[in-house]
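I looked up the points below in turn and wrote down what I found.

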Amino acid sequence: MQIQTFKVEEWMNEYEKYCKYDLGNTTVNILSIDELLKMCEIDRKAFWQNLSSKKLGYGDIKGSDDLKQGIASLYQHINPEDVLPTAGAAGANHLVFYSLIEPEDNVISVIPTYQQLYSIPASFKADVKLLRLKKENNFLPDINELKRLANKKTKMICINNPNNPAGSLISENLMNEIINIARENESYILCDEVYRGLNHDGSVTPSVSDLYEKGISTSSMSKTFSLAGVRLGWLATKDKSVLKQCMSHREYSLISCSILDEAVSALALKNADKIINKNVSTINEHLKILDDWVRNEKHVSYVKPVSGTTAMIYYDADIKSKELCDRLAKEKGVFLTPGFCFEEEFCFRIGYCKGLQQLKKGLEIISEYFRQFS
Ligand SMILES: Cc1ncc(COP(=O)(O)O)c(C=O)c1O
């Protein structure tokens, strides 16, 4: 089956090796198991004894009770039985499309976003219309444009809240406007919520699955909980038929998630507040450095992000984003993601939450680089 190259993932795979200053990754404070146990004040020996005595069977096919309880606690109206664990949010997004989208279905997706949201339905031969999130509109969906694109044939609207790469956030009011359009057309809304919980002001935005009966939330342990390596994600929805179809399709590719991943994830979810508070405080500390840099660097501009770990930085130099990021990586060791990966030019995505010194030094090098264009 034909599918577009996953530009962001291909770029990361190829350029990570040049990276001395990591401004490409989108995670924050990645945790080891020891660090997690310390944060959660769990006795290390008891934890490992319990884990190492577990029989390594398939476990609960639909996910352990502890895990589903922990996931449900992140939502207002989602119960454990409304949750289906998957292999990361990437697995959840894929499963939703694989289960619900057929050739000729009409799908609307925002762009820029994680490419899965438009390239997977396109690979299933759906008719995908793109709703561009514009810098001038703070990278938020334009409701009038969405109204123009949507009609009774729209099977699904795909959004990403908070948004990667822009760090923008759809408020509850705006989300309700999107929901009204979806409801009128009986469309599903798939909302990739992998950065939910990382609002910089500490607020929590409701999930689409709490607000809309045909809303499907996908998320994971990767970003908000700093545990990308457990490869544990989920979808959550009040729509029983969606859950049934996803479960039925999941049987063909997963059987169950790893019981080890589930145990670590359940522990983190029980201590969600501690992990999230630490991450939000790190993000704010790093964002201050980035914001000062943007204000003082005459070659760049941005829409200040309000959530998540990334921002889109626009520059005025006459060099395409792929060439700029290629050169910065190979010549200077600064790892960025070119706007080209998001179908946008003269910009790059910065993941600003990796390490404070890396961020400061990386920004300094970018400034030095831009001086040649002054
Ligand atoms: C918006 C978005 N969705 C999904 C994913 C995939 O997440 P996971 O590691 O949970 O598969 C990413 C990873 O970068 C992402 O940024």
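Predicted model: local features only at pLDDT ≥ 70, side-chain atom pairs only at ≥ 80, totals over all residues.

Residues are numbered from 1 along each chain as its sequence is written.

**Entry 1: positive phi values**

I began with the backbone angle phi. Most residues other than glycine have a negative phi, and most peptide bonds are trans. I found that Glu41, which is not a glycine, has a positive phi near 50°. Glu41 sits in the loop between α2 (33-39) and α3 (44-52); helices (H or I, at least four residues) and strands (E, at least two) are DSSP runs, numbered from the N terminus. Is Glu41 buried or exposed? I counted 8 other C-beta atoms within 10 Å, so Glu41 is exposed.

I then looked up Lys125, whose phi is also positive, at about 70°. Lys125 belongs to the loop between α6 and β4 (127-132). Lys125 has 14 C-beta neighbours inside 10 Å and therefore counts as partly exposed.

**Entry 2: cis peptide bonds**

The bond from Ile111 to Pro112 is cis, with omega near 5°. I located Pro112 in the loop between β3 (106-111) and α6 (116-123). Asn161 and Pro162 are also joined by a cis peptide bond, and here omega is about -5°. Pro162 lies in the loop between β5 (154-160) and α8 (172-184).

**Entry 3: helix α8**

I followed the chain into α8. This helix has 13 residues and reaches 18 Å from its first C-alpha to its last. That is close to the expected 18 Å at 1.5 Å a residue, where the expected span is 1.5 Å times one less than the number of residues.

Which residues of α8 are buried? I listed Met175, Ile178, Ile179, Ile181 and Ala182. They cover an arc of only 160° around the axis, so they are on the same side of α8; the arc is that of the directions from the helix axis to the C-beta atoms. The buried residues of α8 pack against α7 (143-149), β5, β6 (188-192) and α9 (208-211). For such packing, two residues are in contact if their C-beta atoms, placed from the backbone, lie within 7 Å. Just after α8, I noted that Glu186 takes a positive phi of about 55°.

I looked up Glu344 in the loop between β12 (337-338) and β13 (347-351). Glu344 is buried because 22 other C-beta atoms lie within 10 Å. Apart from its neighbours within four places in sequence, Glu344 is in contact with Pro112 and Gly339.

Asp82 is in the loop between α4 (65-72) and β2 (83-86). Asp82 is buried, again because 22 other C-beta atoms lie within 10 Å. Not counting residues up to four places away in sequence, Asp82 touches Ala236, Thr237, Lys238 and Leu243.

**Entry 4: the two domains**

I recorded that the chain is divided into domain 1 (7-32 + 274-371) and domain 2 (56-272); these bounds come from an automatic or database domain assignment. The contact takes 30 residues from domain 1 and 29 residues from domain 2. Which element gives the most to the side of domain 1 that touches domain 2? I found that it is α12, with 8 residues. The C-alpha centres of the two domains lie 25 Å apart.

Terms used
Buried ≥ 20, exposed ≤ 12 C-beta atoms within 10 Å, placed from the backbone.
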